[in-house]
Amino acid sequence: LEWLRNQPFTSAPMAAGTTTENLAGNYAGYTRTTVIADNTPIDGVKQVTVTVATPVRRNVQIVSLIAQ
């Protein structure tokens, strides 16, 4: 999430959409899903939702708003 916050607002990593990554190494079995929604909840703001799923099916979710 902090990495995304440091990207330019209109850059490719900040484009609306969903990205899912299967983590490796010490975090094997964990999955991180990032969803970016444009103009949510208002124009000029992106809602970024990061969800981490653990191997035992527990989820942790963080929602953040990033303004232009």
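Among contacts between residues at least 6 apart in sequence, 24% join residues at least 24 apart in the protein. The model described here is predicted. One helix and four strands make up its secondary structure, and from the N terminus on these elements follow the order α-β-β-β-β. Taken along the principal axes, the box filled by the C-alpha atoms is roughly 40 × 20 × 15 Å. Of the 68 residues in the protein, 22% are buried.

Seven residues form the largest nonpolar core, namely Leu4, Phe9, Met14, Ile36, Val48, Val50 and Ile66. Within this group, isoleucine 36 has contacts that reach several parts of the sequence. When residues up to four places away are not counted, isoleucine 36 touches Leu4, Pro13, Met14, Ala15, Ala16, Gly17, Lys46, Gln47 and Val48.

The largest pocket contains about 250 Å³ of space. Its lining comprises 13 residues, and those nearest the centre of the pocket are Trp3, Leu4, Thr19, Glu21 and Thr34. At least two lining residues come from each of helix H1 (2–5), strand S1 (17–22) and strand S2 (31–37). Strand S1 makes the greatest contribution to this lining, with four residues. Sorted by class, the lining of the largest pocket consists of seven nonpolar, four polar and two charged residues.

A single aromatic pair is present in the structure. The pair is formed by tyrosine 27 and tyrosine 30 in an edge-to-face arrangement, with 6.2 Å from centre to centre and 85° between the planes. Tyrosine 27 is exposed, because its relative accessible area is 53%, whereas tyrosine 30, with a value of 27%, is partly exposed. Tyrosine 30 is also in contact with threonine 54, as is Gly29, when neighbours of threonine 54 within four places in sequence are left aside. Threonine 54 is located in the loop between strand S3 (45–53) and strand S4 (59–67). The relative accessibility of threonine 54 is 18%, so this residue counts as buried.

Strand S4 includes glutamine 61. With a relative accessible area of 54%, glutamine 61 is exposed. Its contacts, apart from neighbours within four places in sequence, are Thr49, Val50 and Thr51. The C-alpha atoms of glutamine 61 and threonine 51 are separated by 4.3 Å, although these residues stand ten apart along the chain.

Backbone geometry was considered last. Most residues other than glycine have a negative phi, and most peptide bonds are trans. In the loop between S2 and S3, asparagine 39 has a positive phi, near 55°. Asparagine 39 is partly exposed, as its relative accessibility is 44%. Threonine 40 and proline 41 are joined by a cis peptide bond, for which omega is about 5°. A positive phi is also found at arginine 57, where the value is about 65°. Arginine 57 is situated in the loop between S3 and S4 and is exposed, with a relative accessible area of 79%.

Terms used
Residues numbered from 1 in each chain as written. Predicted model: local features only at pLDDT ≥ 70, side-chain atom pairs only at ≥ 80, totals over all residues. Heavy atoms only, no water. Core = buried A, V, L, I, M, F, W, Y, C linked by side-chain atoms within 4.5 Å. Buried < 20%, exposed > 50% of the residue type's maximum accessible area, 1.4 Å probe, protein only. Contact = heavy atoms within 4.5 Å. 1 Å grid on protein atoms, 1.4 Å probe; cavity = no way out; pocket = protein on both sides within 12 Å on 5 of 7 lines; lining within 4 Å. Points joined across faces, edges and corners; volume = space filled by probe spheres on them. Nonpolar A, V, L, I, M, F, W, Y, C, P; charged D, E, K, R; others polar. Phe/Tyr/Trp six-rings, centres within 6.5 Å; stacked < 30°, edge-to-face > 60°.
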